[in-house]
Amino acid sequence: MSAPPGNVGAPLPSSLKRRLVVAITGATGAVYGVRLLRVLQAMPSVETHLMVSDAGVLSMHQELDMNRKQVEALANVVHSVRDVGACIASGSYESEGMVIAPCSMKTLAAVAHGFSDNLISRSADVMLKERRRLVLMVRETPFNLAHLRNMTSVTEMGGIIFPPMPAFYQRPRSVEELVDHTVGRVLDLFSISHQLAPRWQGLKGAPDQALPPGDPLEAAVE
Ligand SMILES: Cc1cc2nc3c(=O)[nH]c(=O)nc-3n(C[C@H](O)[C@H](O)[C@H](O)COP(=O)(O)O)c2cc1C
């Protein structure tokens, strides 16, 4: 059956799209937020709402040579971090959830303590109170006890702590592949289908795992 005339290629109305809130804060790894936005931009069924903190703008400039305008152009809707009266500050505004990519330890602390002094921490607070999906791509190393406790608190409230730790088992050939693998795993958490990285199909042709005779580990295994 052919599509009704006049409806071909018509963009979906905002109310029918899956809304995803994205925030970029001042931890290193702006590339994760930018790549996420680029991937979602190519999905007509998803509407992105973006906030970038002042420190996020600094790291985007430092790491990607991008300015605020260039990054904001990748989103459907842009909100000022200071606009605590924006639609996404209310639980009555429907959305699927939120990703903070990357998430600084400062913003993690604000989320962990319900300290909603800007639109990023307020939106995250809304996600938690409405029991929506909240993913924090926290980035720091090493962690101090405050960081660890704050991550525990967010987890206890239902948020997902997702440090962008690279995986090597798919043998990435570039930084871009590493980033795509991580961004793909974030999209998985929202059941947004993608082709960013191959799915693991199990070990194939693995070498014989038996230890050579006389290997000191052999004694340890026994
Ligand atoms: C180049 C650069 C890299 C930074 N990297 C990190 C980081 O990886 N993790 C972190 O928690 N803070 C990092 N910071 C510090 C944060 O930007 C700073 O704490 C800031 O106040 C966070 O504010 P925001 O959460 O509002 O973006 C970095 C700062 C700069 C300038």
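This is a predicted model: local features need pLDDT of at least 70, side-chain atom pairs count only at pLDDT 80 or more; totals for chains, interfaces and linings use all residues.

Visitor: Which strand does β4 run parallel to, and how many bridges join them?
Guide: β4 runs parallel to β5, and five bridges join the two; within that pairing, I100 has L136 of β5 as its bridge partner.

Visitor: And how many bridges join β5 to β6?
Guide: Two bridges join β5 to β6, a strand made of residues 160–161, and the two run parallel, with V135 standing opposite I160 of β6.

Visitor: What kind of unit do β5, α6 and β6 make?
Guide: Together with helix α6, which spans residues 145–156, β5 and β6 make a right-handed β-α-β unit.

Visitor: Switching to α5, is it mostly covered or mostly open?
Guide: Helix α5, residues 119–129, is mostly covered, with nine of its eleven residues buried, among them L119, I120, R122 and D125. What covers those buried residues includes β1, β2, β4, α4 and β5, and just after the helix R131 takes a positive phi of about 60°.

Visitor: Now the ligand: which residues come nearest?
Guide: Of the 16 residues around the ligand, T25, G26, A27, S53 and A55 come nearest, and the shell has four nonpolar, nine polar and three charged residues.

Visitor: Which helix gives the most to that shell?
Guide: That is α2, with five residues, while α2 and α4, covering 54–64 and 105–112, each supply at least two residues of the shell.

How values were computed:
Residues are numbered from 1 along each chain as its sequence is written. A residue is near a molecule or strand if its C-beta atom, placed from the backbone, lies within 6 Å of it. Helices (H or I, at least four residues) and strands (E, at least two) are DSSP runs, numbered from the N terminus. Ala, Val, Leu, Ile, Met, Phe, Trp, Tyr, Cys and Pro count as nonpolar, Asp, Glu, Lys and Arg as charged, and the others, Gly among them, as polar. A residue is buried if 20 or more other C-beta atoms lie within 10 Å of its own, exposed if 12 or fewer, and partly exposed in between; C-beta atoms are placed from the backbone. Two residues are in contact if their C-beta atoms, placed from the backbone, lie within 7 Å. Two strands pair if DSSP finds at least two bridges between them. A crossover is right-handed if, with the strands pointing away from the viewer, the path from the first strand over the helix to the second runs clockwise.
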